[in-house]
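Have the viewer open and follow along.

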Amino acid sequence: MAAAAARTARLRTALSEVTLLRHLVGAALGLLLVVLVLSAVDDFRRVQLAEMAYLGIAAGGLTVLTGLNGQLSLGHGALMAFGAYTTALLLPDRDGVPLVVVLLAAVAVTVVVGALVGVAAARLHGPYLAGATLALAVAVPGIALYFKETLGGEQGLRIIVPEAPTWADDATFFVTGQDLTPRGWIAFVAWLTLVVTYFLLANLSRSRVGRRWRAVRDDEVAAQLAGIDLARSRVSAFMVSAAAAGAAGAVLAIAVRLAAPSSFTLNLSLTLLAAVVLGGLGSLTGALTGAALLTFLPQVVTDLGREAGLDDIAAAELAPLVYGVVMVLVILLAPAGLFGTAHRAVVTRRTRRALAARAADGRASTGAPTDGSAGPTDSDPATRDSTTTTREGAQP
Amino acid sequence: MLTVDRLTVSYGPITALHGVSFTAARGEITAVLGANGAGKTTLLRTLSGLHRADSGTITLGDEPIGSVAAERMPALGMAHVPEGRGVITELSVEENLRLGGLGRPQGGKVTDADLQVAYDLFPVLADRRAQQAGTLSGGERQMLVIGRALMARPQLLLLDEPSLGLAPRIVAQIFALLRDLVADRGLSVLLVEQNARSALSVADHGVVLDLGRVVADSDASALAADDQLRHAYLGF
Amino acid sequence: MQQLLNTALGGLTLGAVYAAFALALVLIWRSTRVVNFAQAPMAMVTTFIALVVIDAGYSYWLGFAAALVSGLLLGALLERLVVRHVDGKAEINAVILTLGLFIVLHSLAAVVFGNEYRSFPAPFGIRGFEVGDRTIALTGFGVFTLVAVLVVMGLLVLLFRFTDLGLKMRASAFNAEVARLLGVQVGRMKTLGWALASLVGSLAGLLIAGGSLVHPGYMDSIVVYGFVAAVLGGLDSPAGAVVGGLVLGLSLSFVSGYVGSQLVALAALLILMLVLMLKPGGLFSSTTARRV
């Protein structure tokens, strides 16, 4: 018995080391890809890529909260505002605080706010939580308007981004033979933040903390019986998610060089939700896919609309129409999201093939076929056929 | 009254009933017995139209009802009495009864006289008519669901575990009432029960299910006298 | 004193509108246990339909009727075609679905009706009544708003309390399966619930738009206030929604008048959180044990 337990423990440690290594390699490869892509494209694309990065960071945080912990937040746009305004207050001129410190401060402030919101949110579920966070999304921009002196009111606060350090300049020239443009630098910072955030989120979701989040999402009662503190698990998920939103807000502020209420409308929160749903709840790759769609789709759709004879204003509204429709269709037809559904089809096929091969071999093997790449998408809440959540069924 | 012929029902990949056949005669109490997981609930849900059978037929009187929707059953004269938890807790006792009356085949308004019939049968409900049904005790709830089903003036009553969670005295009271209803109104009853001993004491006929198959179908007294069967399937 | 009175009167009128919107949310919650966040753009779309009718030279009241009828149809249509398919799925799916509809209707309206502010007429005066030599903050249209909301609430209470149809609707909402077994056409009741709710929502849209500007986003914050009002009233009760709306309207009017209009939404958020933490069943519930 004891030997078996020790073996399991060793196996688990080994597995977690493998996971960590895999994530590290993934992050390093991701960063390499980012550098290659950023040096290959022009400044216009770099701006777009920076936008994709902050949407991706925030969506990553949201997908952990919604997909892994089952809490829905429509207030992540508002949380981003806290990160953005912290950044703006720390970067009023060129000799401001180092960028790393700014980002960390933005994250810290947002985590504090996230903890407050999380404590309240931990007691709410489904529509109540959605309504409360919706109120948050609508309420927060008003704070900036009210404290006009400090927060700049409608105009917002301008941000002076520190110049790229010489090492980055030199390294860029060494690698690509080009000078580092300011936009290139910002895009790099944005993507570096994304890679770091995703690395941390991926590790967290694979850790014990992540397993607790999922347990709470799947079955509150069972989780509680297993000794998990529901409120603490929910609040911690909210704080982690808020941290990502804070980083995203800081990146947004740096990328657009402005923190203004108009950046943090209800629309932003809904956009983030759309990104998460399109990609598949609970999957970081899905969140990134969603962010990419939301960044690059609008231009394509708007151009198509213009060609079809719509005026510019109407054409600009086509993009949200498209992703709204896709969002509805995803919920109705493929609740695992576009990415998740494709991914699952691959996994299913692979599993089936493996099973068939094993049956052909005639070797009875113990243990279900596991697929290492089957990420957290496997059990997102949207696909679980839960019929117990409505109050109809619950009678004393 | 009700004839079930070679009924096969599955939930997803699991087949819950394998070619079940039996008949519930008019003016009799037929008990369907069996342990948990024998397929009793599946049978009931299929009979009342909440779930569709894969194959086989269900006939009520002369009418095949295998593909009739659940909400049309009351109009055909069949009333499903869910277990006591099936009261609508948020509605008042009277509203629950009124709702039952709305399912009558002939339609029309539910009058105070209609309600009075139910109150005469269960005087305790009359005292509680304005209370929310959620405040009733287990026994009172069972009376309410039966009273509510009778409001539709059915010919066949399907009862789901009426003894569940009730004190023996109350169970005896409810079963005695069922006997009276059959005698006085010519009602037919299909009684699905886990509590085989009590059910056989009141039933005319019994059908025993095990793992989705009929393992015995006979007079209630014969079933109760069959020691082997009792030990194997009925637990008493 | 004058300011106090005017703030209160303004709050009452505003509160009536929140009440109407809260009523719409409550109706859908009752019939399908969904909080319909798409209620705001639905009402916006029907208000634009009214505007198209009015701008084509027809009377205000024809536009009014057109909005209500299209609201009825839109609600029924959305329930049948879209919302029905998440019935019985995890509750988060329904929430996301209504938010998806929110985005769709929003951009659809912007494409079809344009994205600029347009003025919307009012059938009654929108200048304050004069009492003696003073003008008070109660307008003819404000009175109409209050009366309309109270009448609608009254009709809904009558429907739910005293008619068989209302009883069937409530039964379907509380326990769909048992209602089916008792012969209630649950699907129809749900469609009807959405249709009625959407009609009431359209009314709220018209009342907010009257004498003011409309825009595809003009109802967006109202969905928050309507939700807060509905929760204040317990989310299940039409009368509670109306009282909740009036209480919220008054409170927010005072915040706006004495603190700053920018903080109105924040105040609504605080009120919401207070209610959910202290009296989750709404202001008028006797129990505190309720899952929210």
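What follows covers a helix pair and then a sheet.

This is a predicted model: local features need pLDDT of at least 70, side-chain atom pairs count only at pLDDT 80 or more, and totals for chains, interfaces and linings use all residues. Residues are numbered from 1 along each chain as its sequence is written, with chains lettered from A and ligands numbered from 1 in the order in which they are written. The model scores ipTM 0.90 and pTM 0.82.

Start with chain C, where helix H1 packs against helix H5 at about 30°, their axes 9 Å apart. Helices here are DSSP runs (H or I, at least four residues) and strands are too (E, at least two). H1(C) and H5(C) are therefore roughly parallel to each other (angles under 35 degrees count as such). The contact residues include C:Ala16 and C:Ala20 of H1(C), and C:Val149 and C:Met153 of H5(C); a contact means C-beta atoms, placed from the backbone, within 7 Å.

Now chain B, with an open, mixed sheet of 6 strands in the order S6-S7-S8-S3-S9-S10. Strands pair if DSSP finds at least two bridges between them.

| Edge strand | Residues |
|---|---|
| S6 (chain B) | 78–81 |
| S10 (chain B) | 213–219 |

The twist averages 15° from one strand to the next. Inside the sheet, S3 and S8 of chain B run parallel over 5 bridges, and B:Val32 sits opposite B:Val192 in S8(B).

How values were computed: Axes fitted to C-alpha atoms, helices over the stretch in contact; angles between N-to-C directions. Parallel < 35°, antiparallel > 145°, perpendicular 65-115°, else oblique. Contact = placed C-beta atoms within 7 Å.
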